[in-house]
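Please keep the sequence and the structure in view while reading.

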Amino acid sequence: MNTYKIELIKLPYNTNSLAPYMSKETLEFHHNKHLRTYVDNLNNLLTQNDIQINSESDLYKIIREFKGKNNPIYNNASQIFNHNFFFFGLTPNSQKIPKGELLTLIEKKWENFENFKKEFTKIAIGTFGSGWAWLIKNKKGNLEIISTSNADSPLNENEIPLLTCDVWEHAYYVDYRNSRPNYLNSFWNLVNWEFVEENFTKE
Ligand code: FE
């Protein structure tokens, strides 16, 4: 019997506070409908399959254990991780630019911060269909920008995610219709660089 349930995260900001870059309607739908559905689906699947979890961190275990194309337990669990990571990576009070060692490494790899943003944007826009763009610390400890499809994340390759942008159409359709470039343009006004820096120094 499964007693512990994965919970829908509470957003660390008001749903109207990311406007005009991300509207209240987009954020409410994304968090309270899309993400909630993944959470409900996963909890139902865990109960149906008699899978016991004991804490929120068991989400990582589930992602690793059920990894595989078209596994609904994996898909829902990984989408919960990705969305939680995405929402915590946004803030109404973005500093617009990272600091310290992270900034130094970004400038070393991409020459300057503007170039980094251009590269990340290019990879986000170029992600075919539904997916995610990520800044990661790879296995060698180097910064890298990657894209993943559908529910996949850098956790699958044991890499450390630092920042992500959700490029599923549901993330931007209400505000930008089909224009992923316009969405990306706005995304840079919302990045929580303190969250990215924390991820960078964690391990
Ligand atoms: Fe999404």
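How many residues apart in helix α5 are Lys-122 and Glu-119? They are three residues apart, and they are therefore separated by about one helical turn. The model is predicted.

**Salt bridges**

- The count of salt bridges comes to five, and three of these are described here: Lys-122 with Glu-119, Glu-114 with Lys-117, and Lys-24 with Glu-28.
- Side chains of opposite charge can pair when their charged atoms come close.
- Between Lys-122 and Glu-119 the N to O distance is 3.4 Å. Lys-122 is exposed, with a relative accessible area of 56%, whereas Glu-119 is partly exposed at 28%.
- In the bridge of Glu-114 with Lys-117, the closest N and O atoms are 3.5 Å apart. These residues also lie in helix α5, three residues apart, which puts about one helical turn between them.
- Glu-114 is partly exposed, with a relative accessible area of 49%, but Lys-117 is buried at 17%.
- Lys-24 and Glu-28 approach to 3.1 Å between their closest N and O atoms. Both belong to helix α1 (residues 24-48), where a spacing of four residues corresponds to about one helical turn.
- The relative accessible area is 40% for Lys-24, which is partly exposed, and 33% for Glu-28, also partly exposed.

**Packing of α5 and α7**

- Helix α5 (residues 113-126) packs with helix α7 (residues 180-187) at an angle of about 145 degrees, and the axes are 10 Å apart.
- The crossing of α5 past α7 is right-handed.
- On the α5 side the contact is made by Phe-120, Thr-121, Ala-124 and Ile-125, and on the α7 side by Arg-180, Pro-181, Leu-184 and Phe-187.
- By class, this contact has six nonpolar residues, one polar and one charged.

**Buried residues of α8**

- Helix α8 spans residues 193-202, and its buried residues are Trp-193, Phe-195, Val-196, Glu-197, Asn-199 and Phe-200.
- These residues pack against several elements, including α3 (72-88), α4 (100-110) and α5, as well as the strands β1 (131-137), β2 and β3.

**Glu-159**

- Glu-159 sits in the loop between β2 (143-149) and β3 (160-166).
- Glu-159 is buried but has no salt bridge, and the nearest side chain of opposite charge is Lys-139, 4.9 Å away.
- Leaving aside residues up to four places away in sequence, Glu-159 touches Ile-136, Lys-137, Asn-138, Lys-139 and Pro-154.

Technical notes. Residues numbered from 1 in each chain as written. Predicted model: local features only at pLDDT ≥ 70, side-chain atom pairs only at ≥ 80, totals over all residues. Heavy atoms only, no water. Axes fitted to C-alpha atoms, helices over the stretch in contact; angles between N-to-C directions. Helix = DSSP H or I, 4+ residues; strand = E, 2+ residues; numbered from the N terminus. Left-handed = near helix turned anticlockwise from the far one by under 90°. Contact = heavy atoms within 4.5 Å. Nonpolar A, V, L, I, M, F, W, Y, C, P; charged D, E, K, R; others polar. Buried < 20%, exposed > 50% of the residue type's maximum accessible area, 1.4 Å probe, protein only. Lys, Arg positive; Asp, Glu negative; His and termini not counted. Salt bridge = Lys/Arg side-chain N within 4 Å of Asp/Glu carboxyl O.
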